[in-house]
Amino acid sequence: MKSKILPYCDDIMTLLLQNLSNPNLHRNVKPQILTVFGDMALGIGPDFKKYLNVVLPMLAAATQVQIDQHDYDMIDYLNELRESVLEAYTGIVQGLKGSDKTPLEDVNALLPHVPFIISYIISIAKDSELSDGNIAIAVGLIGDMCGAFGPMMLQFVEDSSITELLNDGKNSRTARTKKLATWALKEIKRLKNLPVNTS
């Protein structure tokens, strides 16, 4: 539907945010709602900017969830939640960036949040319980951010935990993870090879 959904977006977003804030909502529904934010951003592109001031704090809150590391159900839930948060960020980056090679100006609305998103990816990378799905979506997001924000990303991606995450992805037995990590590494290499602007 793409932009045809625009007239309904305010109502949809209000309902999604109300559900997220509902303490009685089953916890397994919440990751699905976060993923929908990314889908909405992909669908309506730069028009999603008006929702950033409510969606980004919700995503930030979801990154702070703490669990009992001895409860395997909760570890699975945390990994699902992480994937949903990363998918939401991915959809927002891609939606605001646009589909052309040259990113739209709108993606710069996310610039202040780049350090936070990268620190979240690093915290996931350092967790021994992260899933292959976490690695796939995290390395994909790194690649998308390199495409959206250009050389300024190099200061963030040269972190040892990010390097290790990308290498784990490249060596994954899962084709999707391997493909995304290889692509993200190519994006980083492309940024490193760009001519330095001295003007």
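Okay, let's start in the middle: the largest nonpolar core here has 62 residues. By nonpolar core I mean buried Ala, Val, Leu, Ile, Met, Phe, Trp, Tyr and Cys residues joined through side-chain atoms within 4.5 Å, where buried is under 20% relative accessible area, exposed is over 50% and partly exposed is in between, with a 1.4 Å probe and protein chains only. The residues with the most contacts inside that core are Phe37, Phe48, Leu59, Ile92, Ile121, Met145 and Met153. Its largest share, twelve residues, comes from α4. Helices here are DSSP runs of H or I, at least four residues, numbered from the N terminus.

Quick housekeeping: this is a predicted model, so local features need pLDDT of at least 70 and side-chain atom pairs 80 or more, while totals for chains, interfaces and linings use all residues. Numbering runs from 1 along each chain as its sequence is written, and side-chain values use heavy atoms, without hydrogens or water.

Now, who touches Ile121? Beyond neighbours within four places in sequence, Ile121 is in contact (heavy atoms within 4.5 Å) with Leu86, Ala138, Leu141, Ile142, Ile162 and Leu165.

Ile121 also takes part in a helix pair: Val114, Ile117, Ile118, Ile121 and Ile124 of α5 meet Asn134, Ala138, Leu141, Ile142, Met145 and Phe149 of α6. By class that's ten nonpolar, one polar and no charged residues; Asp, Glu, Lys and Arg count as charged, Ala, Val, Leu, Ile, Met, Phe, Trp, Tyr, Cys and Pro as nonpolar, and the others, Gly among them, as polar. The axes, lines fitted to C-alpha atoms over the stretch in contact, with angles from 0 to 180 degrees between N-to-C directions, come within 11 Å and cross at roughly 155 degrees. So α5 and α6 are roughly antiparallel; that label needs over 145 degrees, with under 35 roughly parallel, 65 to 115 roughly perpendicular and the rest oblique.

Compare α8 (160-170) and α9 (175-192), packed at about 135 degrees with axes 7 Å apart. That pair is therefore oblique. Among the residues making the contact are Leu166 of α8 and Ile188 of α9, and the classes come out at five nonpolar, three polar and two charged.

Back to α4, residues 72-97, where Glu83 sits. Glu83 is partly exposed, at 24% relative accessible area. Leaving out neighbours within four places, Glu83 is in contact with Ser131, Gly133, Asn134 and Ile137.

Conventions:
Helices (H or I, at least four residues) and strands (E, at least two) are DSSP runs, numbered from the N terminus.
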